[in-house]
Amino acid sequence: MPDPKVFNYTMDGLSYSVTVYEEDGKILADIEMLEGSMDVNAVYFGDDDYSGSSTSLGGPLNMNGAQYDGEKVQWDGASYVSDPGLGPDADEKESYIHAGDTLTLELDADSLDDIDIFGIRATSTTTDAGSIKAVSGDPEEPEEPEDPDEPTFDKVLFGTEVDESGNVIDGITLTALDDPAYGIQLPEGTEPTFDNYLAFFDEEVEGYDVESLETIRFFTTSPEGWAVQVGELPAPEDGWTSVDDVLEDYDALVDSGAFDTEDPGAEGLSLIAALSTGDEEEDAPVEEEPEPEAEMDLV
């Protein structure tokens, strides 16, 4: 699917952005009002070839005299949106948009390749003239949102048996630290994301599997060098049946903001275990120790 195109238009008292894109076989245009207001009466589009006859809507919906970069535009398509005039129910008119509003229209176009120029005929505008025959060209591609940083962990404990006190009495610890006392090390150069820990556990560790897991605990290191538990992912009542099941629950934990804190020794870490276990009465304690405890030495 081709990338969307973004057309911008700004003048005194008025500013908008138009994103043209393809969806479900249709060519759509999102007109986002950035400043001011206007009543959109018609929209026009064309490619960068100005030869041939030009499409035009009659009367007050025409774009006669519209130019781009000093050159008269030849329009390949036009769509009626509304009649000029607001009347007593102006704010209920869908085509009358204000800053912060977005109007979505379907264009009579076959492809995004046909749209290099975009025009809007609007009245009741917040400009000195009160109406516009606006032309935008040189479309941009929309900026891609940056992906959030994937959480990383110094250690991950995969627990297969937990006693009544919540201690893991069987399981295995994987670590990115260069110290075998903290568990089995990930291959050198492996980024210590949970996806990589889980893949190593599933593919390389013998004697354990996803179906046997009762809990997964995540650890980082405090500035003092202590291991600190920063989260827990308990298995559902019926357990996990696949790696995908585990990743789905892990993604939900990440989306809840459980790993947003940057300070592994901060007081806020005690809330993370409560979020992941569903304990509403008291916060789960933060595990902090100068040396690995027994449950973290399970290999």
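Which residues gather in a patch of negative charge on the surface? Before the reply, a caution: what you see is a predicted model. The patch consists of Glu150, Glu191, Asp195, Asp244, Glu248, Asp251 and Asp255. Helix 2 supplies the largest share of the negative patch, four residues. Take Asp255 as an example. Asp255 sits in helix 2. Its relative accessible area is 67%, and because the cut-off for exposed is over 50%, Asp255 counts as exposed.

Now the salt bridges. How many salt bridges does the structure hold? There are three.

I start with Asp116 and Lys5. In this salt bridge the closest N and O atoms are 3.3 Å apart. Asp116 is in the loop between strand 9 (102-107) and strand 10 (117-123), while Lys5 is in strand 1 (residues 5-11), so the bridge ties together parts that are 111 residues apart in sequence. Are these two residues buried or exposed? Asp116 has 18% relative accessibility and counts as buried. Lys5, at 16%, also counts as buried. The cut-off matters here: buried means under 20% relative accessible area.

Next come Lys93 and Asp39, whose side chains meet in a salt bridge with an N to O distance of 2.7 Å. Lys93 belongs to the loop between strand 7 (77-80) and strand 8 (96-98), and Asp39 belongs to strand 4 (residues 37-46), so this pair ties together parts that are 54 residues apart in sequence. With a relative accessible area of 17%, Lys93 is buried. Asp39 is buried too, at 0% relative accessibility.

The remaining pair is Arg217 and Glu232, and here the salt bridge has an N to O distance of 3.2 Å. Where do the two residues lie? Arg217 is in strand 15 and Glu232 in strand 16, so the pair ties together parts that are 15 residues apart in sequence. Arg217 is buried, with a relative accessible area of 5%. Glu232 counts as buried at 11% relative accessibility.

On to the nonpolar cores. Which residues of the largest nonpolar core touch the most other members? They are Phe153, Phe158, Phe194, Phe201, Ile216 and Phe218, out of 27 residues in that core. Two or more residues each come from strand 12 (155-162), strand 13 (168-175), helix 1 (194-204), strand 15 (215-221), strand 16 (227-234) and helix 2 (243-255). Helix 1 gives the largest share, five residues.

Gln185 lies in strand 14 (residues 184-185). At 32% relative accessibility, Gln185 counts as partly exposed. How far apart are the C-alpha atoms of Gln185 and Lys155? They are separated by 9.1 Å, with the two residues 30 residues apart along the chain.

That is the end of the tour.

Conventions: Residues numbered from 1 in each chain as written. Predicted model: local features only at pLDDT ≥ 70, side-chain atom pairs only at ≥ 80, totals over all residues. Heavy atoms only, no water. Core = buried A, V, L, I, M, F, W, Y, C linked by side-chain atoms within 4.5 Å. Buried < 20%, exposed > 50% of the residue type's maximum accessible area, 1.4 Å probe, protein only. Patch = residues over 30% accessible without salt bridge, like charges linked within 9 Å, V, L, I, M, F, W, Y side chains within 5 Å. Areas by Shrake-Rupley, 256 points an atom, 1.4 Å probe, with all protein chains shown as cover. Salt bridge = Lys/Arg side-chain N within 4 Å of Asp/Glu carboxyl O. Lys, Arg positive; Asp, Glu negative; His and termini not counted. Charge placed at Lys NZ, Arg CZ, Asp CG, Glu CD.
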